[in-house]
Amino acid sequence: MRDRFLPYALPSIGEAEIAEVVDSLRSGWVTTGPKVKQFEREFADYTGARHAIALNSCTAALHTSLAALDVGPGDEVIVPTLTFCATANVVVQLGAKPVIVDVGGDFQISPEAVRRAITSKTKAIVPVHYAGQACDLEEILLLAGSHGISVVEDAAHAAGAEYAGKKIGLHGRAVCFSFYATKNMTTGEGGMIATNDDALAHRIQTLSLHGMSRGAWSRYTETGSWFYDVVEPGFKYNMSDIQAAIGIHQLRRLDGFIRRRREIAAMYSEAFSDLPEILLPEQVPNRTHTFHLYPIRVRAIQRAIFIDELRARNIGASVHFIPLHRHKFYRERYGYRPVQFPICEELYQGLLSLPLYPAMTDCDVSDVTDAVRDIVTGRRRSAAKSMPAFQSL
Ligand SMILES: Cc1ncc(COP(=O)(O)O)c(C=O)c1O
């Protein structure tokens with residue numbers, strides 16, 4: 001057994017990130033400034049989008065994107081139930097109604113469920129690229145297009161992912177990424193909005209900093225002007241240069257991170273292929289999976305027991321996610337019930353995420369696969385022991 005605990009996620013921060021942060025600290029410019037501008041330019045180049053606007057989280061990115069599309073009271077926004085609460089909470093914050101729909105067997109928002117949920121009040125659809133694999137974007141974009149609805153992608157898991165050969169960031173009206181500590185790349189906390197829409201980019205930029213007509217960088221520098229105007233009441237969601245300093249180097253390493261994530265996922269899938277108790281994540285053709293998560297479903301063993309047994313072997317795990325419709329607020333405010341989400345309910349049984357991040361060594365991976373095999377075979381043995389007693393009844 002391992003002698004040290006293996007967490008389910010860890011960032012890979014290198015010397016280049018550390019040196020760049022120190023450079024920002026020594027420069028005297030620590031808030032939004034030249035490094036944020038550089039990070040935005042390089043992220044836009046990476047995805048191919050015309051604009052990239054850096055914010056201090058993906059939650060802020062989702063909130064600002066929907067606000068910039070004028071989502072408000074009386075509007076409905078369609079979201080999948082298998083997601084983090086941020087996807088729906090921001091809709092509530094704007095005074096609109098989150099219309100929660102079921103997912104398909106691929107864990108992704110179901111286009112059929114979306115089609116059934118569209119009403120004259122639907123203002124936006126927020127599909128999530130669950131676990132780092134794109135959802136069925138073509139169907140969602142077609143549905144949205146035919147009803148004049150905007151698509152704001154929750155790409156929190158999907159920095160570097162591709163759909164039909166193109167990077168995520170190029171498809172929806174606004175695409176929101178997360179750079180939280182566990183994500184494909186990190187800035188500690190942070191987010192980014194990619195968009196090809198010039199007017200929307202301008203409004204997002206303004207809303208992200210109090211609705212002011214100019215940010216600090218254009219006020220406090222040698223050539224800046226003191227004057228600004230508040231054109232609407234915005235948020236305080238700007239990214240700092242300290243965060244961007246980390247992001248610039250993480251972005252350069254992103255493709256390498258994803259290669260390693262995919263390698264580890266392949267090792268897991270190979271190691272568990274002969275265990276009927278473990279259902280593996282599927283890869284859909286034409287959608288490059290970044291394996292932000294490696295979600296499995298365990299059968300014949302209770303999830304809570306399985307996670308405890310992993311922990312007893314010094315292996316961490318997590319659950320992504322407790323579906324939105326199961327949370328108190330969404331149950332009580334909107335009356336959502338499990339029977340409305342039969343596919344998610346089925347997937348949620350035994351759902352858990354194994355550790356997966358680029359800093360894991362092959363030895364760490366073997367520790368996880370050994371632990372999983374040990375738990376499963378142990379269970380089989382104890383089930384077999386109780387069988388004769390059963391048969392003699
Ligand atoms: C699907 C999804 N959406 C949104 C978020 C929010 O991201 P952030 O923590 O950057 O606000 C997360 C974070 O875990 C997430 O998993």
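User: In this structure, does His-249 count as buried or exposed?

Analyst: This is a predicted model. His-249 lies in helix H9. Buried means under 20% relative accessible area. His-249 has 11% relative accessibility, so His-249 counts as buried.

User: Which residues does His-249 touch, not counting residues up to four places away in sequence?

Analyst: His-249 is part of helix H9. Leave out residues up to four places away in sequence, and the residues touched by His-249 are Ala-16, Glu-17 and Glu-20.

User: Is Pro-233 buried or exposed?

Analyst: Pro-233 sits in the loop between helix H8 (217–220) and H9. The cut-off for exposed is over 50% relative accessible area. Pro-233 has a relative accessible area of 73%, so Pro-233 is exposed.

User: Which residues is Pro-233 in contact with, leaving aside its neighbours within four places in sequence?

Analyst: Pro-233 belongs to the loop between helix H8 (217–220) and H9. Setting aside neighbours within four places in sequence, Pro-233 has contacts with Leu-207 and His-210.

User: What separates the C-alpha atoms of Pro-233 and Thr-206?

Analyst: Along the chain, Pro-233 and Thr-206 are 27 residues apart.

User: How many salt bridges does a search of the whole structure find?

Analyst: One of them joins the side chains of Arg-2 and Asp-367. Another is formed by Arg-326 with Glu-345. Searching the whole structure gives a count of 25 salt bridges.

User: How many residues apart in sequence are the parts that Arg-2 and Asp-367 tie together?

Analyst: The side chains of Arg-2 and Asp-367 meet in a salt bridge, 2.9 Å from N to O. Arg-2 lies in the segment before helix H1 (15–27), and Asp-367 lies in helix H13 (residues 362–392), so the pair ties together parts whose distance in sequence is 365 residues.

User: Where in the chain are Arg-287 and Asp-106?

Analyst: The side chains of Arg-287 and Asp-106 form a salt bridge, 3.6 Å from N to O. The pair links distant parts of the chain, 181 residues apart. Arg-287 is in strand S11 (residues 287–288), and Asp-106 is in the loop between strand S3 (97–101) and helix H5 (111–117).

User: Does Glu-345 count as buried or exposed?

Analyst: Glu-345 forms a salt bridge with Arg-326, with the closest N and O atoms 2.8 Å apart. Arg-326 is partly exposed at 32% relative accessible area. The cut-off for buried is under 20%. Glu-345 has 13%, so Glu-345 is buried.

User: Which residues do salt bridges that share partners join into one network?

Analyst: Here, salt bridges share partners. The residues joined into one network are Glu-309, Arg-313, Asp-374 and Arg-379.

User: Which residue in S13 does Tyr-294 stand opposite?

Analyst: Strand S12 (residues 294–298) and S13 pair in the antiparallel sense over four bridges. The residue of S13 opposite Tyr-294 is Leu-354.

User: Which residue in S11 stands opposite Glu-162?

Analyst: Another open sheet has the order S7-S6-S11. Its strand S6 (residues 162–163) pairs with S11 in the antiparallel sense over two bridges. In S11, opposite Glu-162, stands Thr-288.

User: What volume does the largest cavity have?

Analyst: The count comes to one cavity of 30 Å³ or more. The largest cavity is lined by 14 residues, and those closest to its centre are Leu-10, Pro-11, Ser-12, Lys-183 and Arg-261. Its volume is about 80 Å³.

Definitions and conventions: Residues are numbered from 1 along each chain as its sequence is written. This is a predicted model: local features need pLDDT of at least 70, side-chain atom pairs count only at pLDDT 80 or more; totals for chains, interfaces and linings use all residues. Side-chain values use heavy atoms; hydrogens and water are left out. A salt bridge is a side-chain nitrogen of Lys or Arg within 4 Å of a carboxyl oxygen of Asp or Glu. Buried means under 20% relative accessible area, exposed over 50%, partly exposed in between (1.4 Å probe, protein chains only). Two strands pair if DSSP finds at least two bridges between them. On a 1 Å grid over the protein atoms alone, a cavity is a set of points where a 1.4 Å probe fits but cannot get out, and a pocket is an open set with protein on both sides within 12 Å along at least five of seven lines; lining residues have an atom within 4 Å of a point. Grid points are joined across faces, edges and corners, and a volume is the space filled by probe spheres set on the points. Contact means heavy atoms within 4.5 Å.
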